[in-house]
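Have a look at the fold first, then read on.

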Amino acid sequence: MAKYFDINEQGCSIRCKLFCADPHAVKRVVVCCHGFGGGKDSAAIATFAERAVAKRKGTAVIAFDWPCHGADARKNLLLEECDEYLSIVIEYARNRFETDELYAYGTSFGGYLLLKYLSEHGNPFHKVALRCPAINMLATLLDNAASDDDRASLAAGKPVLMGFDRKVKVGPQFVQAVEAADIRQRPFFDFADDIIILHGTADETVPCEDSVRFADDNVIEFVPIEGADHRFHDPKKMDAAIARIIAFFGW
């Protein structure tokens, strides 16, 4: 059901993972965007992909590694390269499977990057689901992934290593780019009907209140998942979130 492949375009080598029952009978594709320090092999992505593929015939899910994440070979994380990767994966999905029926599912950092993409390029997706998106990405990065020493090094113009499953090299250039790309200051009314945000009320990494405020400001549907932490360690809470996302996708 799952197959690894690379997209080698525009000087990039994007490590991807395809979930589908039959690659020759794909009618719709979900592009999955993992969180900071994670990767395409995340258990949460696999769980979602298995349910999505089983729910409706002809569905495929593509997960990929952001730059400097998972098996990606890049060494320095740059925000513009994240945008480039996402653009390439979207075009690959559209052209490889000859479909415009595209969906997106992003968590945490991946949710932030999806929202940034929509605000800068428009919306190529039928529906977009965000779980615990890092609405205030700069605060999430500096408050949760950086130590006092890391913040001091960044302030002095030196790169630092941050992350979870894999340490990611982050420099002042990335931090400054995130600060400039504050999605809280951008309107999303044009896409609001096609977006849903789910957030655990016990999220210890990204404040649930950030999503509540952002959804309210942009008239986006918001679904609180009572008692869920950032990674949705409780399988029942993850099941509930996935069911709600698939229902929103209209399957």
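Helix α1 lies across β2 (12–20), β3 (28–33), β4 (59–64), β5 (102–107) and β6, and runs at about 165° to β4. Contact here means heavy atoms within 4.5 Å; axes are lines fitted to C-alpha atoms, for helices over the stretch in contact, with angles from 0 to 180 degrees between N-to-C directions. Helices (H or I, at least four residues) and strands (E, at least two) are DSSP runs, numbered from the N terminus.

It's a predicted model, where local features need pLDDT of at least 70, side-chain atom pairs count only at pLDDT 80 or more, and totals for chains, interfaces and linings use all residues. Residues are numbered from 1 along each chain as its sequence is written, and side-chain values use heavy atoms, leaving out hydrogens and water.

**Sheet**
- Eight strands make an open, mixed sheet, ordered β1-β2-β4-β3-β5-β6-β9-β10; strands pair if DSSP finds at least two bridges between them.
- At the edges sit β1 (2–9) and β10 (221–225), each pairing on one side only.
- Parallel pairing joins β6 (residues 127–131) to β9 (residues 195–200) over four bridges, with R131 bridging to L198 in β9.

**Helix on sheet**
- Helix α7 (residues 208–218) lies across β9 and β10, at about 155° to β9.

**Helix on helix**
- The axes of α2 (residues 79–96) and α3 (residues 109–121) come within 10 Å and cross at roughly 80°.
- So α2 and α3 are roughly perpendicular to each other (65 to 115 degrees; under 35 is roughly parallel, over 145 roughly antiparallel, the rest oblique).
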